[in-house]
Amino acid sequence: MGEKEPDAMMELGKLHRERLEYLPRMPPLLRGAFNIRKGDITSAQQDAQEIRKLFPKLFGQPSIHIVQNRGDPVTVGEELKVGVVFAGGPAPGGHNVVCGLFDHLKERNIDSKVFGFLNGTSGLMSGTYIELSESSLARFRNQGGFHMLGSDRTKLETEADFERARKVAKELDLDGLVFIGGFDTNTNAMYAAENFKVHNVKTNVVSVPSTIDGDLRNEQLQTSIGFDTVTKVYAELIANLGYDAYSAKKSYHFCRLMGRHASHVALEVALQTRPNMCLLGEEVRRRMLTLAEITSEIADLICERAAVDKNYGVLVVPEGLIEFIPDVNDLLKELNELLAKGHNDRSTIVPELSESARATFSALPDSFGTQLLFERDPHGNVQLSRIEVERLLMETVKKEQL
């Protein structure tokens with residue numbers, strides 16, 4: 001069902017108006033007439049056979065290249081109808097993806113239409129949308145967030161979910177459906193595209209990697225939308241903390257940055273700001289560092305700096321570091337298994353742990369041990385996103401130095 005457009009006449013601040021004046025740079029190739037050329041057959045970098053089984057209709061398609069027009073006739077573009085969906089956490093640049101799509105389609109054919117599904121994938125399944133116009137897009141150009149349409153983390157999982165999505169695509173006669181988001185969003189798009197192919201739905205599904213984590217990349221995709229902006233923002237904040245530490249000369253700042261499954265944000269920010277230490281999850285895993293060894297390395301750094309009268313500094317860690325620490329990860333696996341079996345009391349859980357896991361658990365500060373045991377996600381697993389890894393390291397380092 002169509003919804004009323006957001007009010008485009010709300011009062012705008014000075015910074016907002018300044019950002020609206022910015023014109024994003026357009027690659028020269030896209031400024032004029034261009035052609036599409038199919039390239040080599042694509043595959044997967046790993047697990048190719050498993051992926052082929054999951055996506056038999058999509059697997060092995062040719063790569064697509066945009067090339068200069070070499071004299072072919074230039075015609076008015078076809079009238080197209082395209083839907084867009086924001087999903088997952090917002091990333092800078094998401095709004096401009098929609099604005100760029102709208103501008104290009106209208107430039108090719110003024111009668112083309114872009115439909116924005118409200119509140120993420122759930123809006124796609126319920127058919128809740130607005131038809132976008134220049135006025136509804138105006139105040140969102142160059143602005144961060146996904147709030148123009150809203151977002152959610154709903155997944156396309158059941159046949160009923162896919163059936164609703166197909167119904168909406170057919171009712172709107174969509175030529176294309178664009179998903180904008182991160183890892184889970186791109187997975188949603190893959191399953192939707194495969195399902196549409198199986199059921200002969202004409203709608204082409206496209207996914208735009210838009211995530212601040214920077215964990216969607218390959219030889220063709222240098223980085224995801226949002227990564228550059230967020231690392232620059234973080235770098236400014238970390239640099240400010242560095243100046244604060246250097247000014248007061250009496251404290252260490254332990255800084256936790258985004259990045260659960262990859263440490264790209266922490267690494268890029270470290271390259272820009274040069275903190276005294278940056279812990280990368282991938283390096284911790286490669287070196288097989290235990291929590292005690294990480295603690296010792298930090299404590300040694302603090303002692304070495306104290307020896308030259310530098311009792312201050314900045315340390316950067318990714319939020320997902322705890323999953324990369326081998327002994328802590330082994331502990332988490334055992335805890336999840338015991339929790340799944342119905343154990344819900346410290347007195348019954350701890351004795352069931354292996355000797356190594358029990359030693360790791362005993363080394364944790366009491367508050368973190370309690371957090372691991374009793375704060376669970378809807379699936380019954382430990383809620384790692386709530387674990388403040390920087391505070392954990394602060395506590396273990398403090399204990400080490402006593």
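This is a predicted model: local features need pLDDT of at least 70, side-chain atom pairs count only at pLDDT 80 or more; totals for chains, interfaces and linings use all residues.
Colleague: How many helices and strands does the chain have?

Modeller: The chain has 18 helices and 10 strands. These are DSSP runs numbered from the N terminus, a helix being H or I with at least four residues and a strand being E with at least two. The C-alpha atoms fill a box of roughly 75 × 50 × 45 Å along the principal axes.

Colleague: Why is the pair of phenylalanine 86 and phenylalanine 146 called stacked?

Modeller: A pair of aromatic rings is described by the distance of the centres and the angle of the planes. Rings of Phe, Tyr and Trp (its six-membered ring) pair if their centres lie within 6.5 Å; planes under 30 degrees apart count as stacked, over 60 as edge-to-face and the rest as tilted. By this rule the count is 5 aromatic pairs. In phenylalanine 86 and phenylalanine 146 the ring centres are 4.3 Å apart and the planes stand at 10°, so the pair is stacked. This pair links distant parts of the chain, 60 residues apart: phenylalanine 86 is in strand S3 (residues 81–86), and phenylalanine 146 is in the loop between helix H6 (134–137) and helix H7 (159–171).

Colleague: What makes phenylalanine 86 and phenylalanine 146 buried?

Modeller: Buried means under 20% relative accessible area, exposed over 50%, and partly exposed in between (1.4 Å probe, protein chains only). Phenylalanine 86 has a relative accessible area of 0%, and is therefore buried. Phenylalanine 146, at 4%, is therefore buried. Buried residues make up 42% of the 402 residues in the chain.

Colleague: What makes the pair of phenylalanine 115 and tyrosine 129 edge-to-face?

Modeller: The rings of phenylalanine 115 and tyrosine 129 are 5.5 Å apart, centre to centre, with 85° between the planes, and this pair is edge-to-face. Phenylalanine 115 is in strand S4 (residues 113–117) and tyrosine 129 in strand S5 (residues 129–131), 14 residues apart. Both phenylalanine 115 and tyrosine 129 are buried. Ring pairs also link Phe115, Phe117 and Tyr129 into a cluster.

Colleague: How do you know that lysine 249 lies over the face of tyrosine 246?

Modeller: A charge sits over a ring if NZ of Lys or CZ of Arg is within 6 Å of the ring centre and within 35 degrees of the ring normal. Lysine 249 lies over the face of tyrosine 246, at 4.1 Å from the ring centre. The charged end of arginine 305 likewise sits over the ring of tyrosine 312, 5.1 Å from its centre.

Colleague: Why is the contact of aspartate 173 with lysine 202 called a salt bridge?

Modeller: A salt bridge is a side-chain nitrogen of Lys or Arg within 4 Å of a carboxyl oxygen of Asp or Glu. The closest N and O atoms of aspartate 173 and lysine 202 are 2.9 Å apart, and the two form a salt bridge. Aspartate 173 lies in the loop between H7 and strand S6 (176–181), and lysine 202 in the loop between helix H8 (183–198) and strand S7 (204–209), so the pair ties together parts 29 residues apart in sequence. Lysine 202 also meets aspartate 175 in a salt bridge (3.2 Å, N to O). By this rule the count is 12 salt bridges.

Colleague: Which residues are linked with Asp103 in a network of salt bridges?

Modeller: Asp103 is linked with Glu134 and Arg141 in that network.

Key
Residues are numbered from 1 along each chain as its sequence is written. Side-chain values use heavy atoms; hydrogens and water are left out.
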